[in-house]
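This briefing sets out selected features of one structure, grouped by topic. Please read it alongside the sequence and the coordinates shown below.

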Amino acid sequence: MIGRRDLFLCVFFCIDSSLQSIVSSLSHQSYLYAMYTNWDDTIVALATAHGVSAIGVIRLSGSRAIEIADSLFPSKDLLSQSGYTLHVGLLKEGDKVLDEVVISIFRGPKSYTGEDTVEISTHGSPFIQEQVINACMFKGARLAKAGEFTQRAFLKGKLDLTQAEAVADLIASNSSASHQTALKNIRGGFSEVLKILRDKLITFSALIELELDFSQEDVEFADRSKFYELIFQMDKTVGDLIQSFKLGNVIKNGVNVAIVGKPNAGKSTLLNTLLNENRAIVSEIAGTTRDTIEEVINIDGILFRLIDTAGIRESKDVIEVIGVEKSREKMKGADIVLYMFDVEDESRGEIEAALAQLQEINPSFLLIGNKADITGDELAAKKFEGIEALYLSAKTHHHVDALKERLVDKVVQGQVNTESTIVTNARHYGSLLQVQKSLQDIRQGLDAQISGDLLALDIRRCLHYLGEITGEITNEDQLDYIFSKFCIGK
Ligand SMILES: Nc1nc2c(ncn2[C@@H]2O[C@H](COP(=O)(O)OP(=O)(O)OP(=O)(O)O)[C@@H](O)[C@H]2O)c(=O)[nH]1
Ligand SMILES: [Mg+2]
């Protein structure tokens, strides 16, 4: 038997060592850095886009970056210059002048990669840039792989993995919403939340593992009711993040909007009106559109991929039949279906039948009563009383702004503000689903009062998947894959 005081002291020391062993077993970023980077390995790449431009920036990173730049820049001793300084002069390879350049020096660790970094701003000729890169390589630099600068920043601990991935998203962002989300993630918005929860779970994990050391004493260091609370809180947060993925995906990749309806309803006219150009052929002949037409528009910072489809009807024309089949497919796969009908031509019965079908095929739809310029809004609304539709005129643009608002509302439903945390990455989504599953297992284990060693296993699994998101847990293949999706020079 051990006394209470001894037990207390033991616990005090053991908590600390348990915590350390858990943290070190879960984190191997520095080990990866050592394995990945050879300290003498200096990388070079063009950081700006290929092609003719006003200027181009060539980036060097690694322990020899400044030395290599210095060997090509005879007018000044760059080795003795401090970080965050700019130097103008001729870049020369032997006697041959390559270009007149501006050199920026960043000394590690206060640089993007955490290593010594030099950026050479040259004139924007692909020929000059190639020559400068070759000269750097001749002096000992190696061509960087895609994403290698950011990979180094990650391995040096300047960014966590979600932040690094957000860099790629930021470069690829093409709407203000995706731009805002990527920027927020670079600042650590999404991983911050998870890190706090992960830390709390690590503490519990340490306490539970400690109980195993004192299994003969029948003591409980981890307060089970507080643990329940934490698991509940984590489950809620993870659930919200999983939910946000659909929205995040939409922000990143755009919302697919299929415009469907019977021939002549005015679908192509609506597409043209929304695009503000005559993209699709419009005619009074039913069956004008045979194939689907896709165009992208940006409304309030959200990308919508509009898909104009062939009017749906029975037809003997082989090509039209294929077109109609395609329309049905697009209707199924769309994020939003705009079902258009002609308020003058179509009857209430027809629309009710269409509604019933829509509910089955894709319940995310908006009914659009078109050609309200002929009947007037009121008459149209009266004819289809009880059916929720938006009446507009694709031709005269009447109420088209209201449609745009409805589209944005449907996506956002009041929840996209850039302050909320949104998951946009399929890899994070996959890991979050695993976290959710392991949280369920932990909860079931607690309910069933399973032994501490089994509980500890579930907790470790949960910590593993959480760490996978922020990059505390990664394997080399995974890292290579993630960074290979970057462009070279980033
Ligand atoms: N008065 C009026 N006519 C419209 C309106 N929208 C479309 N039209 C006319 O309706 C006819 C059919 O328009 P389209 O846009 O080609 O119709 P669609 O639904 O694409 O037809 P299909 O491609 O055959 O399926 C054309 O003559 C248009 O000018 C509208 O809001 N008001
Ligand atoms: Mg058409």
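This is a predicted model: local features need pLDDT of at least 70, side-chain atom pairs count only at pLDDT 80 or more; totals for chains, interfaces and linings use all residues.

Which residues make a nonpolar surface patch of about 310 Å²? The patch is made by Val-318, Ile-319 and Ile-322.

**Nonpolar surface patch**

- Val-318, one of the residues that make the patch, is placed in helix 11, which covers residues 318-333.
- Val-318 counts as exposed because its relative accessibility is 60%, and the cut-off for that class is over 50%.

**Ligand 1**

- The shell around ligand 1 comprises 23 residues. The closest are Lys-267, Thr-269, Gly-287, Thr-288 and Thr-289.
- Thr-269 places a polar side-chain atom 2.5 Å from an oxygen atom of ligand 1.
- Backbone atoms also take part: a backbone N or O atom of Ser-283 lies 3.3 Å from an oxygen atom of the ligand, and for Gly-311 the corresponding distance from a backbone N or O atom to an oxygen atom of ligand 1 is 3.2 Å.
- Taken alone, ligand 1 exposes 650 Å², of which the protein buries 91%.
- Two elements give two or more residues to the shell around ligand 1, namely helix 10 (267-275) and helix 13 (372-375). Helix 10 gives the most, with three residues.

**Salt bridges**

- The structure holds 21 salt bridges. In general, side chains of opposite charge can pair when their charged atoms come close.
- Arg-142 and Asp-41 form a salt bridge through their side chains, with an N to O distance of 2.9 Å. This pair links distant parts of the chain, 101 residues apart: Arg-142 belongs to strand 6 (residues 142-143), while Asp-41 sits in the loop between helix 2 (29-36) and strand 1 (43-46).
- The two partners fall into separate accessibility classes: Arg-142 is partly exposed, with a relative accessible area of 27%, whereas Asp-41 is buried at 19%, because the cut-off for burial is under 20%.
- Glu-148 forms a salt bridge with Arg-152, and their closest N and O atoms are 3.9 Å apart. Because they are four residues apart in helix 5 (residues 148-155), Glu-148 and Arg-152 are separated by about one helical turn.
- Glu-148 is buried, with a relative accessible area of 6%, and Arg-152 is buried as well, with a value of 1%.
- A network of salt bridges links Asp-41, Glu-115, Arg-142, Glu-148 and Arg-152.
- The side chains of Arg-348 and Glu-352 meet in a further salt bridge, at 3.3 Å from N to O. Both residues lie in helix 12 (residues 348-361), four residues apart, which is about one turn of the helix.
- Arg-348 counts as partly exposed at 31% relative accessibility, and Glu-352 is likewise partly exposed, with a relative accessible area of 38%.

**Setting of Gly-56**

- Gly-56 lies in strand 2, which covers residues 55-61. Its relative accessibility is 0%, so Gly-56 counts as buried.
- Beyond its neighbours within four places in sequence, Gly-56 is in contact with Thr-48, Ile-120, Ser-121, Thr-122, His-123, Gly-124 and Gln-129.
- The C-alpha atoms of Gly-56 and Gln-129 are separated by 7.3 Å, although these residues are 73 residues apart along the chain.

Technical notes: Residues are numbered from 1 along each chain as its sequence is written. Chains are lettered from A and ligands numbered from 1 in the order in which they are written. Side-chain values use heavy atoms; hydrogens and water are left out. Patches are made of residues with over 30% relative accessible area and no salt bridge: like charges are joined within 9 Å, nonpolar side chains (Val, Leu, Ile, Met, Phe, Trp, Tyr) within 5 Å. Accessible areas come from the Shrake-Rupley method with a 1.4 Å probe; for residues, only the protein chains shown count as cover. A salt bridge is a side-chain nitrogen of Lys or Arg within 4 Å of a carboxyl oxygen of Asp or Glu. Buried means under 20% relative accessible area, exposed over 50%, partly exposed in between (1.4 Å probe, protein chains only). Contact means heavy atoms within 4.5 Å. A residue is near a molecule or strand if one of its heavy atoms lies within 4 Å of it. A polar contact is a pair of N or O atoms within 3.5 Å; within protein, one must be able to donate a hydrogen and the other to accept it, and residues adjacent in sequence count only if both atoms are side-chain atoms.
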